[in-house]
Amino acid sequence: MAYRADPMRGFPPIADVLNASCEPELAAAAHFAALTGREASHVVYAPGRVNLIGEHTDYNGGYVLPMAIDRGIYVAARVVSQPRVRLWSVELGGGPVEFPIGGGLEAGEPSWSNYVRGVVAGMQAAGAEVPGFDAVIDATLPLGGGVSSSAALEVATATLCEELSGLRMGPEAKALLCQRAEHEFAGVPCGIMDQFAVVMGRAGNLLLIDCLTRETRHVPMAGGEVAVLVINTMVKHALNDGGYRARRDDCHEAARIMGVPDLRRASAELLESSRERMLPRLYRRARHVVTEDVRTLAAVRALEAGAWPELGRLMGESHVSLRNDFEVSCAELDAVVAAAGAVGPDGGVYGCRMTGGGFGGCCVALVDAGRDEEIAARVASAYQSATGIDPVCFVTRPSDGPLVLMKP
Ligand code: GLA
């Protein structure tokens, strides 16, 4: 399975290897060999995620229902004798990015390297003796497109550090370490959903997370009746970072006014009786979170019953609430939802909504598995007509978490 040098001719041309459309782990190993001139000793993988429902609830102690997808980040690596890391990103090019790992690690440029820097720092703080290494990062999912490529890179890096140092983390500790890297090195005040979904992904299952207690439960997606269609709007609005933080602040302020530690502990009644004491904006933010928690638990029941129209209806309501009350949608996400809505249940679309932080990125749709390709083509064409942008669509399924694909 390793990408090996021919003793007579050296490494085969990388294009030959990749043109044969090889497995992604082989491609990662081939890229490693081409960029470093040596063979990779390890290839690790971590998936991206989509969230079926439960959006902007994780940092409010609420419920979320994400799943790991069958696309992710591959990292091919090899230990070096010096205490430093060198990184290449195949998709982003440039590089290598180099940083020492002997002393205190700090954030630096380019920004994507901070996911690696932060996780290496976290593993060291947890007591891991992480040796220097070269690593080449390859992706089979859109980067910065709302399917948690950053969490995938963090979790892949943590998995690599576990292999190289021998220190194994439990799933929750590993996910929290990766979340901390995102907070402290990437400067994104995210909740726990993405890292939990990536670390704890299980084929065939959604992951219900109670973000207050951090309890998790795998919920099977029964049968092969439905498929999950991801539609990437291909836009990312600049509002993203500031907008996310501002929503978090709004939620905390609304909870403070109601005298509860977080919005999870605000009932619909408390919210209504506090309405006069809040700015209309704060009321709407809180209404999204309070109603989204109710929808998410209802979605779990619908999923368990295989009640696809009901699950799809809840997804649609979630989108409306995110658009009107939480104001994190955008014209392009709304255009996808409208295009999917036009196909409708008769055409095999049960429901569609934005997924992830919003302001661009991806939508997720629950569709009839027998018609998934045809639906993707119809939604893509309607979106293209409405916006002039070609979306990227892919069908996915609930998948496993991180994997070590190659080691000595
Ligand atoms: C981003 C964050 C998550 C979560 C979602 C919104 O993906 O990383 O923690 O808050 O937005 O649900």
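A residue is called buried when its relative accessible area is under 20%, exposed when that area is over 50%, and partly exposed in between, with a 1.4 Å probe and protein chains only. Helices (H or I, at least four residues) and strands (E, at least two) are DSSP runs, numbered from the N terminus.

The model is predicted, so local features need pLDDT of at least 70 and side-chain atom pairs count only at pLDDT 80 or more, while totals for chains, interfaces and linings use all residues. Residues are numbered from 1 along each chain as its sequence is written, and side-chain values use heavy atoms, with hydrogens and water left out.

Helix α11 (residues 331-343) has 13 residues and reaches 19 Å from its first C-alpha to its last, close to the 18 Å expected at 1.5 Å a residue; the expected span is 1.5 Å times one less than the number of residues. The buried residues of α11, including L333 and V343, pack against β8 (226-236), α10 (308-324), β9 (349-355), β10 (360-368) and α12 (372-387). After α11 comes G344, whose phi is positive, near 65°.

**A buried charge**

E182 is placed in helix α5. Although E182 is buried, it has no salt bridge, and R49, the nearest side chain of opposite charge, is 8.8 Å away. A salt bridge needs a side-chain nitrogen of Lys or Arg within 4 Å of a carboxyl oxygen of Asp or Glu. Leaving aside neighbours within four places in sequence, the contacts of E182 include Y115, E154 and Q195.

**Aromatic rings**

The whole structure holds 2 aromatic pairs. Rings of Phe, Tyr and Trp (its six-membered ring) pair if their centres lie within 6.5 Å; planes under 30 degrees apart count as stacked, over 60 as edge-to-face and the rest as tilted.

| Pair | Centres apart | Angle of planes | Class |
|---|---|---|---|
| Y45 and Y74 | 4.8 Å | 45° | tilted |
| Y59 and Y244 | 5.4 Å | 70° | edge-to-face |

Y45 in strand β1 and Y74 in strand β2 are 29 residues apart, and both are buried. Y59, in the loop between β1 and β2, and Y244, in helix α7 (residues 240-258), are 185 residues apart. Y59 counts as buried at 7% relative accessibility, and Y244 counts as buried at 14%.

Terms used:
Lys, Arg positive; Asp, Glu negative; His and termini not counted. Contact = heavy atoms within 4.5 Å.
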